[in-house]
Structure formats: structure tokens, C-alpha cells
Amino acid sequence: MNALVMSGARLATIIGTGPWPGPAYDSLTSAISRAIGDGRITVGARLPSERELAQAIDLSRTTTTRAYSKLRDQGFVITRRGSGSVVRLPEVPGGRIDHLLTPAGADEAEIDLSCTATVAPPWLMGAYERAVEQVPAYLPGTGYYPSGLPVLKELIADRYTARGVRTDPEQILVTSGAFGAVAIAVRALIRRSGRVLIESPTYPNAIATLEGAGASLVSYPLELSPSGHHWDIDAMDQLCRQTRVSAAYLIPDFHNPTGALLPDAQRGELAAMLRRNGVTPIIDESLVELGLDGGPSPSPMAAFAPDAITAGSTSKIFWGGLRVGWLRIPPHRVDAVAASRLSLDLGAPVLEQLVAVELMRDHDTIVAEYRTRLRAARDSLAAQVRAHLPSWQVVVPTGGMALWCHLPEARSSALAIAARNHGLGMVSGPNFAPTGGLDRWIRLPYTVAEAQLDEVGPRLAAAWDDALKFTDRIPAGRDRIVA
Ligand SMILES: Cc1ncc(COP(=O)(O)O)c(C=O)c1O
């Protein structure tokens with residue numbers, strides 16, 4: 001096996017040099033398995049010898065030997081004569097991918113470009129451990145918190161207040177991700193056949209949620225200029241007046257999939273226009289923290305539109321597996337939205353809410369580190385598209401998690417099919433279209449693992465070559481579910 005060899009010193013910079021609370025081999029095992037799990041040690045790397053590691057982190061050889069043995073038992077390392085101890089990932093019963101979320105049929109061997117989601121950050125296991133220690137205090141209660149754990153609601157409310165819109169914890173409802181939050185808001189606000197304004201392109205699950213609620217979608221095509229996508233409030237105004245929409249689902253903060261940001265200067269104008277037309281905004285702030293080029297995070301739309309219901313989430317900054325999100329609700333709507341929530345489920349899990357609390361306390365550090373990684377990935381992917389696919393047009397967004405690329409021909413659906421033969425899972429442009437079209441566009445998330453990033457350009461170019469040869473008509477329809 002020809003593995004990348006890692007020195008003892010390099011491993012020590014990744015896992016630290018202690019202290020190793022006893023038994024030391026246990027904490028060393030956890031430190032290494034965590035680093036493998038969150039991608040800081042890559043699969044296929046060869047760990048330093050037990051002796052070299054012992055020297056680098058000032059532990060006994062017996063301790064490192066026991067730690068490697070435990071890692072082997074747990075499936076994180078395979079040791080073969082002549083190849084040393086090579087990193088692998090343990091089998092997870094049923095696999096790490098849920099096929100409901102990968103309509104293109106991605107498997108673990110593929111590079112998954114179907115999702116704007118990433119692996120857990122290094123902080124996650126520590127947060128879980130601290131959260132577990134707090135669980136006993138909650139056991140004497142029933143564990144049902146339909147509006148959310150008070151300590152979490154307070155932290156979320158404080159963050160809104162710090163961002164410029166005073167928020168009482170009573171206005172916060174903790175949900176199962178931003179997706180659950182939007183579903184609750186939609187159920188509370190939207191009557192069957194009610195008209196709802198939605199950007200095109202947009203987040204595919206929102207289309208499904210609104211359609212599922214019986215809403216009639218009015219699509220507002222984001223404007224396009226050489227500097228990227230943007231909103232024209234006058235054009236939106238005209239549409240609102242002509243169609244008499246009663247609500248709008250909007251993603252003004254590093255919009256999925258374009259990455260567009262509504263400038264602060266336009267926020268008041270948008271809010272006033274919606275108010276004039278009697279439109280209640282549902283603002284999806286899932287990506288609001290992911291500005292990648294510096295500057296403060298955008299002002300909350302709720303500061304301009306007091307009637308707005310805002311959805312937020314820990315998924316894009318911490319980890320999708322937490323499934324913790326929230327709604328910020330104007331006081332006069334709290335009861336109606338809470339009733340809507342109770343008709344859907346009875347609250348988020350206590351443990352995950354406690355984990356979210358722990359992560360929120362380190363919010364700024366975690367987000368800063370994540371932004372640095374995402375920025376590098378964005379720039380690398382954009383450079384690859386330019387180098388390998390010069391006929392595609394890409395405007396590099398100032399935030400978010402994906403590039404939204406314009407293709408020279410309407411072959412996005414063909415590309416998503418061709419990509420499978422090149423080990424790429426992709427979702428075609430029409431999935432992002434509320435009312436059809438967009439086969440000239442493809443979303444490329446730059447959230448793929450660092451080790452896979454360099455392979456994306458060459459594989460994409462090969463898939464595009466194949467897509468250009470397709471002669472059969474590909475129906476430009478929607479897949480199932482996309483994140
Ligand atoms: C705009 C938007 N809203 C909601 C979600 C889903 O978020 P969550 O995992 O918190 O449900 C996503 C995920 O990609 C998203 O991009």
C-alpha cells in the first residue's frame with residue numbers, strides 16, 4: 001500500500017501534546033479517532049510508528065501501542081506488515097449516506113456534489129461530551145420542550161439582539177433544523193391555494209414544502225448582471241401587485257444556490273415594499289454566517305421587517321447531524337406558530353439542544369475557522385472550473401457554500417446523469433426552479449472534503465464531455481430531495 005506518511009511531529013500538531021487525562025491511551029485514542037472523523041487526518045494516511053509518536057507527545061511506548069491497538073479494534077486503523085498503521089474509516093451499519101438525500105444515487109465512493117453540507121468540525125465531540133454531563137439535570141423532567149430548552153432560546157435570542165434586532169427568548173422556537181422551521185412557518189401562515197412569492201432559483205426543499213402545503217408559487221427570477229445575481233425591488237413590487245401574494249419565502253443572506261447577498265442598503269426598501277403589499281416575509285437565514293470575504297454579518301431582515309418570521313440553523317455552521325434550528329417569531333404570531341409546531345412534532349431532542357448550547361458558546365471561534373476553510377475551498381473550486389471548463393461562466397460569490405455555474409448549453413440534467421459514470425453525485429439546475437427551467441445552470445458545492453477537492457475539476461470536465469455527446473432527450477425534471 002502506498003500511503004502518505006505522517007510524522008510524529010505532524011500528528012502532534014493535529015491532536016496536541018496533552019494533557020492526556022487517564023487512562024492516557026483512552027484519551028489518545030479519542031483524540032486520534034476524532035481527528036480522523038472530522039477529516040483532519042485523511043483516510044489512507046500512514047500514522048507514525050508507535051515509538052515516534054510516543055516521543056512526539058511525551059507518552060510511553062506502551063501507551064501509544066495500546067492506543068493503536070484500540071484504534072484497530074474500532075476500525076480507524078489497519079495495520080499490515082510493511083505498510084505500518086494506515087488510517088481508514090470504520091464501517092457504519094447501513095452506511096454514512098441516506099439515499100433520500102442523494103437523489104443522484106451517490107454512494108460513499110463518489111464525490112458528493114448534491115449537498116451543501118460538510119463533515120463535523122473538530123469541536124463537535126467535545127461539545128457532545130460536555131452536553132452528556134448535563135443530561136442528568138434534565139432527567140427528573142419529562143424531556144418535552146416543544147418551544148426549546150430555555151438556555152438555548154436565550155443564547156439564540158441574544159445573538160439576534162447583538163446583530164441589531166432586540167429579541168426576547170419567548171420569540172424563539174427551537175426546531176428540527178431550518179427545514180423544520182420553514183415547514184412550521186408555512187403551515188402557520190399559508191392557506192391552501194394562497195400565493196407565495198419565491199426566488200428563482202431557490203432552495204429545492206422549500207419548493208417542496210410550499211407545494212406540499214398547497215401554496216401556489218409565484219416565481220421571482222433573480223436578476224443577473226456580470227457581477228452576479230441580485231434583487232430588483234421594483235420588479236418584485238410589480239410582481240406582488242399583479243399576483244397579490246400573501247407571503248414570500250426569501251433567502252437574502254448568501255442565497256442558496258447563487259450565494260447572492262441582499263445589501264443592507266436595500267433591506268429597508270424590500271421590507272417597506274412587502275409591507276405595502278400586505279406580504280408576510282419568511283426569511284431563511286440558514287447561511288447568514290457564511291460571509292467569506294470579511295465584514296460584519298448582514299443585518300437581520302427582521303430589523304427592517306418586524307412582521308418577518310425568520311428561520312435559522314446550526315446545520316451550516318456546526319453540523320447537519322445535530323438537526324437543531326429555530327424560528328424567530330414576531331410577538332403577535334408566537335401563539336399561532338407554536339400551535340402549528342405542536343401539530344407537527346413535540347420538540348427537538350434535549351441532548352442535541354445541549355450540544356448546540358455548547359457550540360453556540362464557541363460560536364465565533366468555530367465560525368471563523370470554518371469560514372477560512374470554506375473560502376479556500378471556494379477559491380480552489382472556482383479555479384478548477386476556470387481551468388477545466390473554460391466555456392462555463394462562474395461568478396465567485398462573497399458567501400454561502402456553492403458556485404452556481406452557467407453552462408454554454410442547456411445540458412444540466414444530462415450532466416448530472418453523465419457525472420455518475422465519473423464518480424460525481426450532482427443535482428441538476430431544474431431542481432432549483434420553482435416553476436421550471438434552469439437547465440443551463442448547475443450548482444457546485446465547495447463543501448466536499450479537502451482531499452477530494454482537486455479531483456472535482458477533471459471529473460467534471462470528463463462528465464461534461466459525455467453530456468455534450470448525449471443525443472437522447474433528457475427530461476429536465478426534478479429529483480427528490482436536496483440540501
Ligand atoms: C436555504 C436553506 N434552508 C434550509 C436548509 C436546511 O437546513 P437544516 O439542515 O437546518 O434543516 C438548507 C440546507 O441546505 C438551506 O440551504
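The dialogue below goes through some features of a predicted model and the rules behind their labels.

Mentor: The model is predicted, so local features need pLDDT of at least 70 and side-chain atom pairs count only at pLDDT 80 or more, while totals for chains, interfaces and linings use all residues. Residues are numbered from 1 along each chain as its sequence is written, and side-chain values use heavy atoms, with hydrogens and water left out.

Trainee: How many aromatic pairs does a search of the whole structure find?

Mentor: The search finds 4. Rings of Phe, Tyr and Trp (its six-membered ring) pair if their centres lie within 6.5 Å; planes under 30 degrees apart count as stacked, over 60 as edge-to-face and the rest as tilted.

Trainee: What makes the pair of Y138 and Y145 edge-to-face?

Mentor: The centres are 6.2 Å apart, and the planes stand at 75 degrees. The limits are within 6.5 Å for a pair and over 60 degrees for edge-to-face, so the label follows.

Trainee: Why is the pair of W404 and W441 called stacked?

Mentor: The ring centres are 5.6 Å apart and the planes are at 10 degrees, so the pair is stacked. W404 lies in strand β13 and W441 in strand β15, so the pair ties together parts that are 37 residues apart in sequence. Strands (E, at least two residues) and helices (H or I, at least four) are DSSP runs, numbered from the N terminus. Ring pairs also link W404, F432 and W441 into a cluster.

Trainee: Why does Y138 count as partly exposed?

Mentor: Buried means under 20% relative accessible area, exposed over 50%, and partly exposed in between (1.4 Å probe, protein chains only). Y138 has 22% relative accessibility, so it counts as partly exposed. Y145, at 24%, counts as partly exposed too. W404 and W441 are both buried.

Trainee: Why is D58 called exposed?

Mentor: Its relative accessible area is 71%, and exposed means over 50%, so the label follows. D58 is found in the loop between α3 and α4. Its phi is near 60 degrees, a positive value in a residue other than glycine.

Trainee: How do you know that the charged end of R66 sits over the ring of Y25?

Mentor: The rule asks for NZ of Lys or CZ of Arg within 6 Å of the ring centre and within 35 degrees of the ring normal. The charged end of R66 is 4.0 Å from the centre of the Y25 ring. R328 lies over the face of Y160, at 5.9 Å from the ring centre.

Trainee: What makes β5 and β6 a pair of strands?

Mentor: Two strands pair if DSSP finds at least two bridges between them. β5 and β6 pair in the parallel sense over 6 bridges.

Trainee: What kind of unit do β5, helix α8 and β6 make?

Mentor: They make a right-handed β-α-β unit. A crossover is right-handed if, with the strands pointing away from the viewer, the path from the first strand over the helix to the second runs clockwise. In the loop between β5 and α8 is P201, and the peptide bond from S200 to P201 is cis, with omega near 0 degrees.
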